[in-house]
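Please look at the model below before reading on.

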Amino acid sequence: MRMLILSSWLLTAFLIFSPLMAHHAVASPPEGEGVLVYSWNSNVGPLNPHLYSPSQMFAQAMVYEPLVSYQADGTVAPWLATSWEVSEDGREYIFTLREGVTFSDGEPFDAAAVKKNFDAMFLNHERHHWLELMNQLHEVEEAGGEAVTVIDEHTVKLTLKDPYYPILQELALIRPVRFLSPAAFPESGDTSEGIKAPIGTGPWKVVEMVKGEYDVFERNEAYWGGSPAMKHLVVKVIPDSNARAVAFDTGEIDLIYGSGGHGGGQLGLDTFQRYQQMGAVKTAVSPPFATRAMALNTNCFPTNELAVRRAILHAVNKQAMVEHIFLGVEPQADTLFAPSMPYCDLGLTPFEYDADASAKLLDEAGWTLEQGAEYRTKDGKTLALDLCFVGNDALQKSVAEVIQGDLRKIGVQANLVGEEMDSFLSRQKSGEFGIIFGDTFGPPYDPHSFCSSMRVPSHADYQAQLGLPMKEELDEKIGQVLVTVDEKERQDIYEHILTTLHEQAVYLPLTYMTSIMVHRPELEGASFGPTKQEIPFETMEKK
Amino acid sequence: MFRYILKRMALLPPILLAVSLVVFGILRLGQGDPAMAYLRLSNIPPTDQALAVAREELGLDKPFAVQYVRWLGDAVQGDFGRSYVTKNPVLDEIFYYLPNTLTLAAASLVLTLLISAPLGMVSALKKDKLPDHLTRGLSFFGVSMPNFWLGFILAWLFAVKLGWLPPMGKGGLGHMVLPVVTMSLMSLCINTRLIRANMLDNMHSRYVLYARARGLPESVVVGRHVMANSLIPVITAIGMHVGELFGGAVIAETIFAWPGVGRYAVSAIYNRDYPVMQCFILIMTTIFVTMNLVVDICYAWLDPRIRFEGDSR
């Protein structure tokens with residue numbers, strides 16, 4: 001009897017669960033030849049070209065296109081605009097649009113479509129406030145002018161408030177200045193309320209999105225730039241980097257591409273190294289995309305002293321770090337921006353690893369190491385500082401520990417402060433740190449956007465530079481360089497800004513961040529995009 | 001009995017209210033800022049202005065009490081707000097993913113019972129013989145193995161090396177094998193040991209002695225009397241296993257890229273998606289409280305002593 005009751009209880013439980021199990025039919029993405037399978041941490045999102053998270057940038061770049069495109073060498077090339085003219089005062093840009101381009105729904109890409117997209121962005125301009133280009137345009141609108149003017153079907157004029165030179169770099173960004181088909185706009189014209197469908201002019205179009213499982217893209221046969229080699233691209237949702245490696249090993253995915261490292265990364269560096277040594281698969285490391293750096297606070301004790309900052313820069317053994325923590329995947333960085341970035345090839349003298357030089361600098365500055373003492377002192381104060389990092393970021397933690405060890409060797413006490421991401425970011429904003437991690441933005445934001453943010457008080461760089469005697473002058477120069485029309489003058493000002501920051505030892509550049517790629521030899525044509533978020537799937541082909 | 005159930009059901013709303021207040025408070029006491037998380041996910045530099053816009057959009061610019069009362073007012077009408085990240089209604093999203101997790105949990109529960117009951121019995125009946133040693137060894141191994149580690153070992157062996165099972169995603173029954181085994185191994189081993197211990201206890205009790213004295217065949221003594229009585233405490237254990245299974249689901253879903261609610265909740269925690277976390281915790285609380293109630297009712301049915309005690313209350 002009791003067994004009967006127990007069994008009926010189990011049966012009931014099953015009956016409750018079984019309709020739930022049948023809740024969604026089992027779907028499956030396209031397979032076989034002509035299908036390239038990639039994986040990402042989440043679904044690609046609604047792919048609204050004028051909005052941000054949860055739309056994933058790499059997917060937005062597949063569907064939508066910019067007026068101009070950022071090149072690997074730091075220059076800007078024609079894209080949906082075939083050419084442009086700049087007025088003498090640097091405030092007006094006249095773009096000639098590419099003819100014969102259509103959106104994937106067949107709507108023509110013309111000046112009216114460009115204007116309609118800009119108007120939608122202006123409706124939501126507060127969200128784009130971080131982007132100086134949008135401010136420059138919107139301020140013209142606010143003053144009663146017209147920021148975007150249709151001259152004829154294939155010509156558009158943009159009018160800026162100031163002669164802001166990085167306009168072209170910012171037009172090349174993945175969001176928000178890319179173009180949605182006029183037919184996909186909501187009735188109100190305000191895309192911040194949502195779009196009817198993600199339809200752009202790009203080489204790919206979205207055909208299926210299954211929440212939590214995968215997204216399917218199909219090549220846009222009518223693409224003006226030549227259709228992609230593969231018919232379909234499937235993006236599977238795999239949040240865990242170890243699970244991704246297993247999926248690659250079993251052939252569930254064809255390609256691993258993105259930043260290395262656990263957490264938000266595509267693949268742990270140790271796993272990547274295993275693939276590098278395996279030989280049966282192809283691996284590649286991209287050129288530098290951004291700089292993994294630390295900011296030294298010039299506004300508080302003891303890093304307010306130039307000698308201390310310079311001593312710290314000489315004390316860190318970056319080569320060992322590259323070898324043992326970054327496993328050779330990220331090269332050593334000696335300057336805030338890689339010399340390959342625009343205006344950044346300045347031939348600055350690196351702060352070489354030299355513990356003796358560090359000790360000498362500190363001795364000369366009066367920081368003495370008492371007999372038997374571990375740390376240096378001056379006027380009764382110990383040479384100690386807070387080294388701040390994100391506590392659950394294994395890579396940052398290891399780096400912080402190595403630096404702590406290196407600094408101990410020269411008699412500097414580094415207190416490790418590992419906190420959760422949001423508290424860490426609050427510290428960046430408030431300036432409560434001795435040394436703090438801070439990466440540069442990478443192309444196409446470097447160097448102009450990064451320098452521009454140095455003037456904003458809520459930024460770690462502003463806080464770190466606040467103690468410099470020439471901070472005001474630096475901010476002025478940054479303001480100047482952004483609106484300088486003359487190319488030579490721009491180079492000179494950048495040289496001044498970056499040389500000053502280098503000599504003042506405000507930054508401890510560690511490594512240049514790279515992307516990694518793993519695929520089987522059957523996949524041909526795989527290469528790195530010009531920016532971190534752009535993945536050139538179009539050229540990839542599975543043979 | 002009926003009154004007992006009603007009384008227990010009436011406790012659910014105050015429990016949920018208390019849990020909601022605690023969860024709401026704890027989330028906002030933490031140092032994290034969802035506006036900051038939102039900007040980070042969007043690759044937008046967190047300037048004061050950008051933060052202010054994001055906070056206003058997410059309704060975080062209002063005082064705590066106002067936020068809570070608003071949320072509660074909507075929640076009692078079944079509206080748990082929209083996810084900060086996806087902007088979709090939270091309840092819809094959770095109910096989209098929940099069936100996938102329930103499928104895994106139900107399959108794990110069935111697997112646990114189907115394997116642990118015979119194993120436990122054999123182990124008890126063959127006490128100190130080879131089957132008993134083997135079972136106890138397996139139980140010891142299973143209880144000590146962390147499930148994330150087990151998951152990776154299983155994926156490596158059965159998906160990578162042998163190629164017998166798919167390593168990830170949702171699909172046919174084959175896709176369920178690895179996550180279900182990962183989730184159930186620990187409960188299975190605990191249950192096996194529990195059944196073994198109960199059987200041994202019962203076999204030495206006086207009613208068994210009496211049954212034997214009446215001349216009942218050994219198969220009837222063990223089959224009808226000892227087994228039935230040994231399974232009663234297992235019901236309580238099942239109630240606890242449900243909790244373990246949901247915990248295990250979070251890990252199994254991450255390792256095997258299974259689109260369940262556990263994985264969804266983990267990403268919500270990472271993104272400080274308050275509305276999702278609040279709703280998730282309330283739904284889990286409801287499941288736990290209901291499971292406890294179901295277990296108690298089953299127990300009362302199976303053991304008359306509890307039933308009568310329950311009625312007298």
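Where does A:Pro176 lie in chain A? A:Pro176 lies in the loop between helix 5 (167-171) and strand 8 (204-210) of chain A, where helices (H or I, at least four residues) and strands (E, at least two) are DSSP runs numbered from the N terminus.

## About the model

This is a predicted model, in which local features need pLDDT of at least 70 and side-chain atom pairs count only at pLDDT 80 or more, while totals for chains, interfaces and linings use all residues. Residues are numbered from 1 along each chain as its sequence is written, chains are lettered from A and ligands numbered from 1 in the order in which they are written, and side-chain values use heavy atoms, with hydrogens and water left out.

## Two cis peptide bonds in chain A

The peptide bond that leads from A:Arg175 to A:Pro176 is cis, and its omega is near 10 degrees. A cis peptide bond also joins A:Asp446 and A:Pro447, with omega about 0 degrees, and A:Pro447 is placed in the loop between strand 18 and helix 13 of chain A.

The loop between strand 18 (435-439) and helix 13 (448-453) of chain A is also the place of A:Gly442. Is A:Gly442 buried or exposed? With a relative accessible area of 2%, A:Gly442 is buried; the word buried means under 20% relative accessible area, exposed means over 50%, and partly exposed is in between (1.4 Å probe, protein chains only). If residues up to four places away in sequence are not counted, A:Gly442 touches A:Phe289 and A:Ala290, a contact being heavy atoms within 4.5 Å. A:Gly442 and A:Glu170 are 272 residues apart along the chain, and their C-alpha atoms are separated by 13 Å.

## Chain B as a whole

How many helices and strands does chain B have? The secondary structure of chain B comes to 14 helices and zero strands. Its C-alpha trace spans about 85 × 60 × 30 Å along the principal axes, and of its 313 residues 50% count as buried. Among the contacts in chain B between residues at least 6 apart in sequence, 74% join residues at least 24 apart.

Helix 1 (residues 2-10) and helix 2 (residues 12-29) of chain B have axes that come within 4 Å and cross at roughly 20 degrees. That makes helix 1 of chain B roughly parallel to helix 2 of chain B. Axes here are lines fitted to C-alpha atoms, for helices over the stretch in contact, with angles running from 0 to 180 degrees between N-to-C directions, and angles under 35 degrees count as roughly parallel. In this pair, B:Arg8, B:Met9 and B:Ala10 in helix 1 meet B:Leu12, B:Pro13 and B:Pro14 in helix 2.

B:Lys87 is not a glycine, although it has a positive phi of about 70 degrees. Its place is in the loop between helix 5 (64-76) and helix 6 (90-125) of chain B, and with a relative accessible area of 30% B:Lys87 is partly exposed. B:Ala257, another residue other than glycine, has a positive phi near 45 degrees. B:Ala257 lies in the loop between helix 11 and helix 12 (261-270) of chain B and counts as buried at 3% relative accessibility.

B:Ser219 belongs to helix 11 (residues 218-255) of chain B and is exposed, with a relative accessible area of 57%. B:Ser219 and B:Leu194 are 25 residues apart in sequence, and from C-alpha to C-alpha they are 21 Å apart in space.

Technical notes. Angles under 35 degrees count as roughly parallel, over 145 as roughly antiparallel, 65 to 115 as roughly perpendicular and the rest as oblique.
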